[in-house]
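My entries follow in the order in which I looked.

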Amino acid sequence: MTMRSAFSQPVDDAQQTFRAVLSAMAEPLLPRALPVLPPALPGLQAGTAALLYTLADQGVSVWLPALPDETISSLRFHTGMRMTDLPEQADFIVIAAGMPLPDIMSLKAGSAEYPDRSATLLIEVDDFGADQVEGGGPGFAAPRHFGAAGLPKGFWREWQRNHARFPLGVDAVLIANTHIAGLPRSARIREG
């Protein structure tokens, strides 16, 4: 089995990627390029690998789709992450391109005391492009139009249900290979 390398400068690269994720969540639905990418991992987009190398560690549980053994071994080796068999138990849930969405309402949504103890979806899409929705709320200076090709069927409708639980609910990062767009649970979405 081949062990894949992660970031070439693990600390600096992870810090740059983390700042990009924070910026993406602070300005929802505004696509931005990731500043650095690790070597490819079979079965995952480059941006997804970068986020997992940055966000996953021994303190979080991750649900992954079926991936090659070398990808899982490399992620475990470089992050120490714990894997779970059920999305409902995960802190991070990876939705590879073309996969159906798990029931968002069944995922960790936090509690009144600890709304931050919720899940984050890492959703791979084909690309960011033609407008599908209008977003508003915290982090939006004005309503923002956004589109992502390849989202799971019914995603925006499910996201509206998720937002209705605010301050509880899940957050998401949409990943189009080398670019990301943040989607915090506070974002109000209007289709059309």
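I began with leucine 29, which counts as buried at 1% relative accessibility (buried means under 20% relative accessible area, exposed over 50%, partly exposed in between, with a 1.4 Å probe and protein chains only). This is a predicted model, in which local features need pLDDT of at least 70 and side-chain atom pairs count only at pLDDT 80 or more, while totals for chains, interfaces and linings use all residues. Residues are numbered from 1 along each chain as its sequence is written, and side-chain values use heavy atoms, with hydrogens and water left out.

Leucine 29 lies in the loop between H1 and E1 (helices, H or I of at least four residues, and strands, E of at least two, are DSSP runs numbered from the N terminus). I noted that its phi is near 60°, a positive value in a residue other than glycine.

**Entry: other backbone points**

Asparagine 177, in the loop between E8 and E9, also is not a glycine and has a positive phi of about 60°; I found asparagine 177 partly exposed, with a relative accessible area of 39%.

I traced an open sheet of seven strands in the order E1-E9-E8-E5-E4-E2-E3, with mixed pairing (two strands pair if DSSP finds at least two bridges between them). Strand E1 (32-33) and strand E3 (82-83) are the edge strands, each pairing on one side only. E1 runs antiparallel to strand E9 (residues 179-183) and is joined to it by two bridges, and arginine 32 stands opposite isoleucine 180 in E9.

Helix H1 (residues 10-26) packs on the sheet, where it touches E1, strand E8 (171-176) and E9, and its direction makes about 45° with that of E9 (axes are lines fitted to C-alpha atoms, for helices over the stretch in contact, and angles run from 0 to 180 degrees between N-to-C directions).

**Entry: arginine 144**

Which side chain of opposite charge is nearest to arginine 144? I found glutamate 27, 4.7 Å away, and arginine 144 is buried yet has no salt bridge (a side-chain nitrogen of Lys or Arg within 4 Å of a carboxyl oxygen of Asp or Glu). Arginine 144 belongs to strand E7 (residues 144-149). Leaving aside neighbours within four places in sequence, its contacts (heavy atoms within 4.5 Å) include Glu27, Leu29 and Val133.

How values were computed
Lys, Arg positive; Asp, Glu negative; His and termini not counted.
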